[in-house]
Amino acid sequence: MKRLFLFLLLIMCTMSFAQKKSFYDFTVKTIDGKDFPLSSLKGKKVLVVNVASKCGLTPQYEHLQDLYEKYGPDKFVIIAFPANNFAKQEPGTNEEIREFCKLKYGVTFPMMEKISVKGDDMAPVYKWLTTESENGKKNVEVTWNFQKFLINEKGEWDGFAEPKTSPLDKTITAWIEAEKVR
């Protein structure tokens with residue numbers, strides 16, 4: 001009986017010290033409907049952005065593309081998730097969104113399928129991005145379109161930037177340029 005108790009205690013302790021989920025544990029769908037394992041981004045810094053085509057912040061697509069052209073795709077990538085959670089500012093289909101981004105802003109960074117970034121139907125990757133018990137760092141509410149999350153080369157949550165923060169803001173570019181010190 002004592003051995004069983006010690007065995008169960010050991011298992012419980014091991015489980016409590018288990019590593020939190022990583023960004024790399026998720027597979028999402030591209031805007032074309034193909035599986036995209038986020039583990040394919042190991043070793044790169046990732047900027048995750050929820051986007052919308054009919055928002056006052058939509059011109060940020062241009063700055064996101066500039067950022068991607070300057071720093072990507074070898075050590076840095078942007079992943080955009082269209083979402084219709086705020087004032088129905090992303091009403092289009094995946095195909096319409098893809099065409100809009102390509103024609104209007106020349107987007108070449110990876111676009112994912114349209115998802116929900118808040119509420120009961122929140123996509124699992126966004127639950128991880130916004131919940132401390134999942135990301136191990138902080139609870140953060142997605143407040144509007146174009147909120148940015150910073151993921152380091154190890155798939156760990158490094159921070160976030162508010163929707164109105166330009167993708168070219170010094171805090172974001174300094175984070176991209178900083179060498180990993182761990």
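**Notes on the predicted model**

1. Let's start with the contacts of the whole protein chain. Counting pairs with a separation of 6 or more, 65% of the contacts are between residues 24 or more positions apart; contact here means heavy atoms within 4.5 Å. A word on the source: this is a predicted model, where local features need pLDDT of at least 70, side-chain atom pairs count only at pLDDT 80 or more, and totals for chains, interfaces and linings use all residues. Residues are numbered from 1 along each chain as its sequence is written, and side-chain values use heavy atoms, with hydrogens and water left out.

2. Next, the overall layout. The protein chain has six helices and six strands (DSSP runs numbered from the N terminus: helices are H or I with at least four residues, strands are E with at least two). Starting at the N terminus, the order reads α-β-β-β-α-β-α-α-α-β-β-α. Of the 182 residues, 45% count as buried, which is to say under 20% relative accessible area (1.4 Å probe, protein chains only; exposed is over 50%, partly exposed in between).

3. Have a look at how H2 meets helix H3 (residues 94-105). Their axes come within 10 Å and cross at roughly 75 degrees; the axes are lines fitted to C-alpha atoms over the stretch in contact, with angles from 0 to 180 degrees between N-to-C directions. So H2 is roughly perpendicular to H3, a label for angles of 65 to 115 degrees (under 35 is roughly parallel, over 145 roughly antiparallel, the rest oblique). On the H2 side, the contact is made by Tyr-61, Glu-62 and Gln-65, and on the H3 side by Phe-100, Cys-101 and Tyr-105.

4. Leaving out residues up to four places away in sequence, Gln-65 touches Tyr-105, Gly-106, Val-107, Thr-108 and Phe-109.

5. Finally, Ser-53, found in the loop between strand E3 (45-51) and H2. With 17% relative accessibility, Ser-53 counts as buried. Ser-53 and Phe-100 are 47 residues apart in sequence, yet 7.7 Å apart in space, C-alpha to C-alpha. Beyond residues up to four places away in sequence, Ser-53 touches Thr-58, Gln-89, Glu-90 and Phe-100.
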